[in-house]
Amino acid sequence: MRNDSGALRLSVFGVVIVCMFVAMFGRLWFLQVASPTTSEAAVRQLRTTTVLLPPMRGRLYDREGRILADNKRSLTVTVDRAQISKSSVRSDLFQRLAARLSTTPEDLELRFTSDQFDPLLPLPLAEGVDEQTVVWLKERQEDYPGVSTEEGFTRYYRYAPLASHVLGYTGRISADSTKKSLNEQAKELAKQGYRLSDTVGKEGIERQFEAELRGKSGYVKYEVDAANKPVREVERVEPIPGNDIVLSLDLKLQQYAEQILRAELFKRRTEVTRELVDINGNVSNTGDIGIAYPATAGSAVLEDVATGEILAMASYPSYDNRWLVGGIPDKTYKQLYGDQTLAPIVNRAISGHYLIGSTMKPFTAYAGLKTGLIAPDTIVNDTGIYHIPDCTDADERVAGCTRKNAGGARYGHLTVAEALPVSSDFFFYDLGWRLYKETQGTNVLQTELRHFGFGERTGIDLPSENPGRIPDKASKKALADLGVISKQAGSDYFGGDNMQVAIGQGLVDVSPLQLTGAYATMARDDGQRVRPLITRAVLPPGTPDVTSGVADLDHVDLTTIRPTTPQVVDTVDQLPQFHDLLVTALRNVLSQKAFGLDPPYLQHFATGKDAFANYPYKDTYPIAGKTGTAQTGDGSKSELDTSAFGGFAGPTGEPPKFAAAAILEKSGYGSEAAALVVKCLFEKMADPTTLPDVNQSPQLDRSKLNAYPLPPLNDDVSCLEYKPGQKD
Amino acid sequence: MATSIFAPTYGETREDVSTPFRHIDWGLMLVTLAIAGFGMVAIYGVKFATTVKAGGDPGYLVKRQAIALAVGLMVMFTLMLIDYRWLASKAWIFFAGSAVLLVGLFVTGKTKFGATAWYRIGSFQLQPSEFAKVALVLMLAAVCSDDRGEALPFERFVGALFLLAIPLGLVLLQPDLGTGSTLVAVTMGILLIARARARHILLISAMALITAVAVVSTGQLQTYQLNRLVSFIDQKETATNKDLIQQVKYSKQAISLGRTTGAGYKQGLTTTGKYIPFQENDFIFSAVGEQFGLVGAGGLLLLYLFVLLRLLRIVQMARDHLGALIAAGAAALLAWHVFENVGMTMGIMPVTGIPLPLVSYGGSSLIAFLAVFGLVQNVHMRRYHAG
């Protein structure tokens with residue numbers, strides 16, 4: 001390098017190098033001297049990550065302490081969605097993992113495409129995985145990229161599928177794609193202490209009491225390395241378990257109610273519509289004979305009259321809430337939710353919409369007695385065909401000016417106490433018409449029926465309750481606006497409408513729980529309506545177990561949490577005055593006597609005669625109740641009729657203790673189906689020692705999840721036997 | 001002309017020409033060895049806490065590094081023995097050999113951290129791109145040297161770029177942007193001293209820049225490469241670059257925590273933990289910064305600066321243009337390596353996977369740099385032979 005150009009170039013080189021070092025020294029000086037001193041503690045803080053510790057969910061007990069819902073520590077295998085976005089990679093991974101996770105590659109693929117899982121979170125592949133599998137996966141982490149394990153609790157329904165509808169189930173919070181952005185939803189949830197991945201109660205008690213059951217999350221703060229792997233624990237706040245809840249259900253009764261309901265429906269499917277011959281040998285029904293009853297669905301409720309506590313609540317078709325906890329195959333999910341007719345997920349006892357037919361009559365009778373339109377000794381001559389007086393209303397011109405008794409029967413001279421046992425439509429058509437026309441259109445019938453709880457939510461502590469409907473002018477208009485009825489029909493409320501309400505037909509909408517509650521109110525001589533309750537108490541966590549599956553409620557004071565005094569929500573003010581008359585009439589519904597004796601050739605047996613003929617506790621535990629048969633559609637297909645029964649019972653000499661109702665869809669006469677279910681329930685209440693025991697369920701076979709057809713029955717159905725003959 | 005490669009007899013001599021080993025640059029040699037020794041101390045300090053805790057041998061990496069150092073010293077002395085001019089005359093053999101090794105990677109190489117850059121030899125891994133750097137220094141020096149003192153002709157300028165393109169293309173295919181950048185730095189350094197015309201250098205720089213922009217904007221880069229660039233410019237954390245941002249954040253924190261005198265050997269909160277990936281190799285400087293503070297990290301930089309000034313001195317003192325170019329290539333290689341690596345640990349350069357010369361754990365790099373210093377010593381030792 002002897003020339004100037006070389007020297008110049010060398011200096012350029014040198015300057016570049018010196019510049020680099022000036023930059024490095026400058027930066028080093030800035031970082032180590034000029035920048036503020038960060039304490040090691042502050043740096044440690046920056047290097048932490050917080051892992052939420054899910055709280056143990058509160059347990060659910062039946063009134064005897066049986067642990068209906070429990071928790072199991074569980075391991076969930078998840079996979080990072082980014083790792084399996086390529087379908088070839090995904091199918092390869094699923095192929096290799098499926099057997100180890102006791103599932104199939106197809107089902108894993110279904111999970112991947114399903115919208116049940118949060119798209120922003122790792123996809124859960126298998127829940128309730130055993131430790132060995134987790135260890136096996138950890139050892140082979142390199143072979144299964146993105147696969148990791150989450151620890152938490154899973155809900156464990158020890159006696160499932162019993163009371164599945166009441167308990168509900170838990171599931172991951174599902175992101176609502178129709179609403180706000182996921183981030184906003186996550187923020188809102190965070191305010192309530194939730195993350196999108198959290199598990200919440202989705203139906204039933206689990207949903208209703210989410211706030212009590214949830215508890216409070218804890219957290220662990222870990223110091224993390226650059227790959228966000230925990231290095232050491234910095235801080236730990238333990239989660240606070242949720243509160244336990246004692247239900248009012250008695251699981252033995254619940255089991256029995258579910259069995260007897262199902263058994264009756266199955267039995268009913270083997271029976272066909274047939275000729276009805278009245279006491280005088282006349283064939284009294286019309287329509288097709290020999291058609292099998294579909295008997296697709298039904299429900300039954302048993303309530304404590306004094307407290308409003310629900311002891312049993314059955315709905316069929318039912319499901320197993322364990323299906324929904326561990327992740328459910330798509331096919332089963334569709335069976336549960338997709339089928340509009342069967343809809344096994346629906347708790348019909350509280351969400352069902354039913355016409356209740358003649359089970360409405362005692363309440364119409366009360367309205368008549370209260371308003372003075374009828375007196376206890378008022379006699380109506382039932383000629384079999386009711387002629388609407390002053391037949392001018394718009395709808396009457398369509399439907400005609402006469403109404404026949406169901407089955408074309410004719411009952412002669414009847415007091416209200418006789419009209420109820422034979423279930424004279426004539427009597428109640430007349431009363432219904434008068435309750436509208438002779439009260440200046442003040443909706444007296446509606447008002448009184450609402451005092452019994454019809455047409456409004458009972459306020460039971462369960463979600464998704466059907467408020468029902470007692471039609472009036474406003475609700476008819478609303479229905480017409482919705483297109484349920486024609487504009488013309490919705491234009492006004494007529495005497496004919498009131499006649500339909502009086503016999504529980506037309507636009508009436510009642511849930512089985514409402515029907516039960518109305519009979520419970522009818523059973524009380526003080527006329528008070530109490531709010532039905534499915535829970536007895538909320539308990540702090542920590543109630544010990546006495547034996548497997550049963551918690552020790554004997555040493556827990558249930559009264560400290562919720563007062564035991566029943567909550568009166570309404571009063572039927574003049575019921576005390578007419579109580580004895582109505583109760584006697586309802587007892588007579590089940591009696592073996594004949595009514596309508598004037599003239600004698602028109603006498604008829606009570607509608608419940610055959611159903612209750614073999615009831616063994618007539619003297620010690622008498623039942624009062626009413627049958628009902630509600631026509632659906634145009635009423636021409638009697639096999640599609642809704643079978644209903646409501647009633648109450650208790651030991652002789654005491655006020656009635658329990659009310660019960662059953663409504664069976666497409667099962668024909670109330671006396672032939674629903675009445676038997678209620679009778680059987682009261683048989684067990686008369687002698688609870690005969691109730692079969694309940695056992696904890698064996699492990700669920702996840703490979704055979706199927707909403708229907710359900711397995712064959714083994715139930716004791718002896719109490720369902722009856723000698724057929726009577727109608728309605 | 002009959003020549004012995006061990007004792008060249010041609011040309012005039014000012015001093016005792018038969019004993020070039022008397023003219024070793026001892027300053028350079030001692031500082032080189034000091035840096036390498038310091039590297040092993042630093043590696044031990046990083047691994048001590050975690051390996052002891054895990055029940056392992058804290059000296060494991062240091063032992064492996066010592067083997068590499070021994071091999072590297074043998075390579076260095078071998079290269080010092082042989083006259084650099086003879087070596088330069090055979091440069092194409094080294095160059096072709098290194099290219100073959102790079103090609104072979106695509107057949108049998110081992111993929112790690114997104115790049116196919118390693119051969120497995122027993123329990124050791126050979127990274128041929130490290131040796132490609134040395135081969136490129138020698139090859140370009142041989143091609144561009146011209147003792148007539150004239151400007152580098154355009155044909156040879158273009159020829160040099162074609163030579164660069166061979167290893168550069170191969171390492172970019174791995175893909176390894178960091179090593180690619182060092183090859184470019186070496187070429188720039190040599191072309192500068194080789195009297196390439198300024199306008200040629202500017203032209204080719206502009207073309208390189210345009211190519212780089214085109215490559216980035218047309219999405220030719222792997223996601224992780226783009227992440228490194230993007231997260232350097234925009235420090236916002238996203239799902240894909242989170243670890244990377246974290247790595248640099250921790251690295252800066254670690255250096256900052258060292259303050260003036262450091263947290264103490266084997267004491268650093270960050271660098272003895274598992275916070276920073278590649279702590280013992282690519283991110284060794286953050287451990288130096290945390291454990292030894294400004295004194296240690298600044299001192300290390302001063303040692304590098306000393307070595308670089310020493311190399312520039314050799315550029316000036318070299319007997320011939322060839323020697324000057326070898327020293328210039330070595331200086332460019334070292335300067336870029338240090339700047340990129342140290343800069344990345346302090347957050348002023350994008351993250352690439354190139355090691356801190358002589359200090360980072362990694363045998364291939366250590367051996368390659370010792371080979372480079374062997375070549376430079378060679379030039380220094382034989383500076384008195386007339387060209």
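The model is a predicted one, in which local features need pLDDT of at least 70 and side-chain atom pairs count only at pLDDT 80 or more, while totals for chains, interfaces and linings use all residues. Residues are numbered from 1 along each chain as its sequence is written, chains are lettered from A and ligands numbered from 1 in the order in which they are written, and side-chain values use heavy atoms, with hydrogens and water left out.

Secondary structure was assigned from DSSP runs numbered from the N terminus, with helices taken as H or I of at least four residues and strands as E of at least two. Chain A has 23 helices and 26 strands, and chain B has 13 helices and three strands. A residue is called buried under 20% relative accessible area, exposed over 50%, and partly exposed in between (1.4 Å probe, protein chains only). Of the 728 residues in chain A, 54% are buried; for the 387 residues of chain B the share is 56%. Contact denotes heavy atoms within 4.5 Å. Among contacts with a separation of 6 or more, residues 24 or more positions apart account for 76% in chain A and for 73% in chain B.

The size of an interface is often given as the accessible area lost when the parts come together. Buried area is used here in that sense: the accessible area (1.4 Å probe) that two parts lose on being put together, summed over both. Chain B and chain A bury about 4,100 Å² between them, and 66% of this lies on carbon and sulfur atoms. The contact involves 58 residues from chain B and 37 residues from chain A. On the chain B side, B:Arg259, B:Leu269 and B:Tyr275 supply 18% of the area buried against chain A, more than any other three residues.

Two packed helices are described by the angle between their axes and the distance between the axes. Axes are lines fitted to C-alpha atoms, for helices over the stretch in contact, and angles run from 0 to 180 degrees between N-to-C directions. Within chain B, the axes of helix 1 (residues 26-53) and helix 13 (residues 363-381) come within 11 Å and cross at roughly 175°. Helix 1 of chain B is therefore roughly antiparallel to helix 13 of chain B, given that angles under 35 degrees count as roughly parallel, over 145 as roughly antiparallel, 65 to 115 as roughly perpendicular and the rest as oblique. Helix 1 of chain B contributes B:Leu28, B:Met29, B:Thr32 and B:Ala36 to the contact, and helix 13 of chain B contributes B:Leu366, B:Leu370, B:Phe373, B:Val376 and B:Gln377. By class, this contact has seven nonpolar, two polar and no charged residues (Ala, Val, Leu, Ile, Met, Phe, Trp, Tyr, Cys and Pro count as nonpolar, Asp, Glu, Lys and Arg as charged, and the others, Gly among them, as polar).

Also in chain B, B:Ser129 belongs to helix 5 (residues 128-144) and is buried at 0% relative accessibility. Leaving aside neighbours within four places in sequence, B:Ser129 is in contact with B:Leu102, B:Val171, B:Gln174, B:Asp176 and B:Thr179. Several local features of chain A fall in loops, as set out below for each residue.

A cis peptide bond joins A:Ala160 and A:Pro161, with omega about 10°; A:Pro161 is in the loop between strand 5 (147-156) and helix 6 (164-167) of chain A. Another cis peptide bond joins A:Tyr316 and A:Pro317, with omega about 0°, and A:Pro317 is in the loop between strand 12 (310-316) and helix 11 (322-325) of chain A.

A:Ser102 is not a glycine but has a positive phi of about 55°. A:Ser102 is located in the loop between helix 3 (87-98) and helix 4 (105-113) of chain A and is exposed, at a relative accessible area of 69%. A:Ala295, also not a glycine, has a positive phi of about 40°. A:Ala295 lies in the loop between helix 10 (251-269) and strand 11 (298-304) of chain A and is buried, with a relative accessible area of 0%.

A:Leu533 is in the loop between strand 17 (528-530) and strand 18 (535-539) of chain A, and is buried at a relative accessible area of 9%. A:Leu533 and A:Leu311 are 222 residues apart in sequence, and their C-alpha atoms are 9.3 Å apart in space.
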